[in-house]
Amino acid sequence: MKIAILGAGYVGLVSGACFADFGHTVHCVDKDEAKIRALQTGHNPIFEPGLDTLVESNLKQGRLTFGLDLTSAVADADAVFIAVGTPSRRGDGFADLSYIYAAARDIAKVISKYTVIVTKSTVPVGTGDEVERLIREARPDADFSVASNPEFLREGAAISDFKRPDRIVIGVDDDRASAILAEIYRPLYLNRAPILTTSRRTAELTKYAANAFLAMKITFINEIADLCEKVGANVQEVARGIGLDNRIGSKFLHAGPGYGGSCFPKDTLALVKTAQDSGAPVRLIETVVAVNEQRKRAMARKVVAACGGSVRGKTVAVLGLTFKPNTDDMRESPALAIITGLQDAGAVVKAFDPEGMQVARPLLPDVAFASDAYDCAKGADALVIVTEWDAFRALDFAALKAAMATPILVDLRNVYPPEYVRASGFSYESVGRPTP
Ligand SMILES: NC(=O)c1ccc[n+]([C@@H]2O[C@H](COP(=O)([O-])OP(=O)(O)OC[C@H]3O[C@@H](n4cnc5c(N)ncnc54)[C@H](O)[C@@H]3O)[C@@H](O)[C@H]2O)c1
């Protein structure tokens with residue numbers, strides 16, 4: 001199959017590289033010139049484990065190409081995937097669909113034979129209808145279908161998620177489009193990945209329902225963690241106790257500083273808005289959004305409390321800036337709110353992240369960046385683990401204690417057993433676990 005992808009970001013690039021690896025011919029188009037130039041010359045603009053090799057080998061074999069102009073790519077394609085961003089619209093929290101509609105208008109100008117236009121971006125229910133209307137209006141003569149194929153990959157595990165997905169959701173309202181998408185995903189049928197074919201609107205909503213449910217699960221365990229702290233219970237044991245129940249499942253039950261990232265915050269908000277507009281408000285998710293928003297700054301207060309009630313003039317060292325490990329994505333990372341909260345309380349903040357510092361620097365102009373965890377800890381009055389990178393899972397506590405001004409560790413990811421850290425001479429706070 002010949003595939004064009006609009007948007008060479010986390011989703012477009014991973015999808016493009018994986019489709020090419022399946023044997024399809026893929027051309028990725030992006031408006032960002034620097035990104036395309038980098039990709040054309042073998043430089044990957046994002047950090048995603050395994051992606052460099054995959055892009056490089058498919059570039060070499062000529063199955064994967066990059067460009068700024070969509071004309072030839074789209075004119076030739078059996079399917080055009082739209083993988084542009086759908087951020088929160090400033091001011092009201094609805095999904096900003098301007099990039100989607102601009103892409104649809106661009107596609108309309110150049111389609112020349114039957115083409116399936118597939119929205120892979122996360123878009124509110126009914127967006128496919130509008131994409132279809134826009135293209136039909138611009139090109140009444142065009143032969144095309146519009147399908148929805150929401151993406152469920154996780155950054156940090158994107159390639160294995162794409163190649164071995166729990167399921168593929170395809171929303172189509174006609175057989176021609178269905179046949180082309182079936183051919184594109186045929187290599188995955190062989191792996192027996194369940195393919196769920198639904199109406200276009202159902203597929204669009206399924207993506208939001210999935211993300212809202214996961215965000216709710218995280219928020220649930222975070223509130224249980226707060227309760228554990230008040231009543232002297234252990235949230236990790238509670239999570240295990242409920243997670244072993246198959247009806248609940250153990251994933252997404254790790255208490256922490258609140259969810260962030262490029263998807264959950266904007267998608268929960270967009271679902272709330274769609275539901276309100278549709279006259280069927282999702283109150284559970286409205287609460288999830290509010291609880292999570294307050295939680296990030298509450299984590300800064302937790303650090304202040306661990307430092308004896310004030311951080312004014314003190315140095316706080318932060319380990320981990322990205323919203324989760326194995327990515328360089330800083331979008332809506334809890335670290336941003338936590339660091340601002342600490343600075344507002346008068347702290348001087350130092351930070352280290354294995355992959356996120358380049359992206360983080362312009363977002364955190366008043367933070368001093370360190371070269372590793374020990375450099376970060378040097379002279380600090382408290383150390384805070386915000387993101388659970390592997391590099392922070394086996395820290396040398398003797399070296400840290402020697403480097404720090406005061407041995408205080410606030411572990412917002414519950415990486416360490418409390419007794420172990422305290423035995424190393426640290427004062428230790430974590431999330432939802434009792435202090436003996
Ligand atoms: N990042 C994830 O983990 C993830 C997972 C599942 C779904 N999604 C969804 O996928 C979509 C894309 O997310 P992302 O993280 O890849 O975004 P991104 O910001 O990394 O990439 C989007 C890219 O689209 C480009 N672009 C914008 N308008 C364009 C146009 N008209 N033509 C060509 N390129 C254009 C931008 O320059 C950018 O490079 C979003 O809707 C997101 O919600 C993301």
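**Notebook: salt bridges and helix packing**

I began with Asp267 and Lys266, whose side chains meet in a salt bridge at 2.7 Å, N to O. I took a salt bridge to be a side-chain nitrogen of Lys or Arg within 4 Å of a carboxyl oxygen of Asp or Glu. Asp267 is buried at 2% relative accessibility, and Lys266 is buried at 15%. For these terms I used relative accessible area: buried is under 20%, exposed is over 50%, and partly exposed lies in between (1.4 Å probe, protein chains only).

I noted the basis of the entries: this is a predicted model, in which local features need pLDDT of at least 70 and side-chain atom pairs count only at pLDDT 80 or more, while totals for chains, interfaces and linings use all residues. Residues are numbered from 1 along each chain as its sequence is written, and side-chain values use heavy atoms, with hydrogens and water left out.

**Entry: Thr122**

I next looked up Thr122, which lies in the loop between strand E5 (115-119) and H6. Helices (H or I, at least four residues) and strands (E, at least two) are DSSP runs, numbered from the N terminus. Thr122 is buried, with 9% relative accessibility. Leaving aside residues up to four places away in sequence, Thr122 touches Thr86, Lys207, Tyr208, Lys266 and Asp267; contact means heavy atoms within 4.5 Å.

I searched the whole structure and recorded 29 salt bridges. In one of them, Arg89 pairs with Asp92, the closest N and O atoms being 2.6 Å apart. Arg89 is partly exposed at 39% relative accessibility, and Asp92 is partly exposed at 26%.

I then examined Glu132 and Arg200, which form a salt bridge with the closest N and O atoms 2.8 Å apart. This pair links distant parts of the chain, for Glu132 is in helix H6 (residues 127-138) and Arg200 is in helix H10 (residues 200-231), 68 residues apart. Glu132 is partly exposed at 31%, whereas Arg200 is buried at 5%.

**Entry: H10 against H13**

I asked at what angle the axes of H10 and helix H13 (residues 283-306) cross. They cross at roughly 50 degrees and come within 10 Å. Axes are lines fitted to C-alpha atoms, for helices over the stretch in contact, and angles run from 0 to 180 degrees between N-to-C directions. H10 is therefore oblique to H13, where under 35 degrees is roughly parallel, over 145 roughly antiparallel, 65 to 115 roughly perpendicular and the rest oblique. The crossing is left-handed, meaning that the near helix is turned anticlockwise from the far one by less than a right angle; clockwise is right-handed.

Among the residues in this contact are Ala212, Met216 and Glu223 in H10, and Leu284, Val288 and Arg295 in H13. I recorded the contact of H10 with H13 as seven nonpolar, three polar and five charged residues. Ala, Val, Leu, Ile, Met, Phe, Trp, Tyr, Cys and Pro count as nonpolar, Asp, Glu, Lys and Arg as charged, and the others, Gly among them, as polar.

**Entry: H10 against H11**

H10 and helix H11 (residues 235-243) pack at about 135 degrees, with axes 9 Å apart. H10 is oblique to H11, and the crossing is right-handed. Phe220, Ile221, Ile224, Ala225 and Cys228 of H10 meet Val235, Val238, Ala239 and Ile242 of H11.
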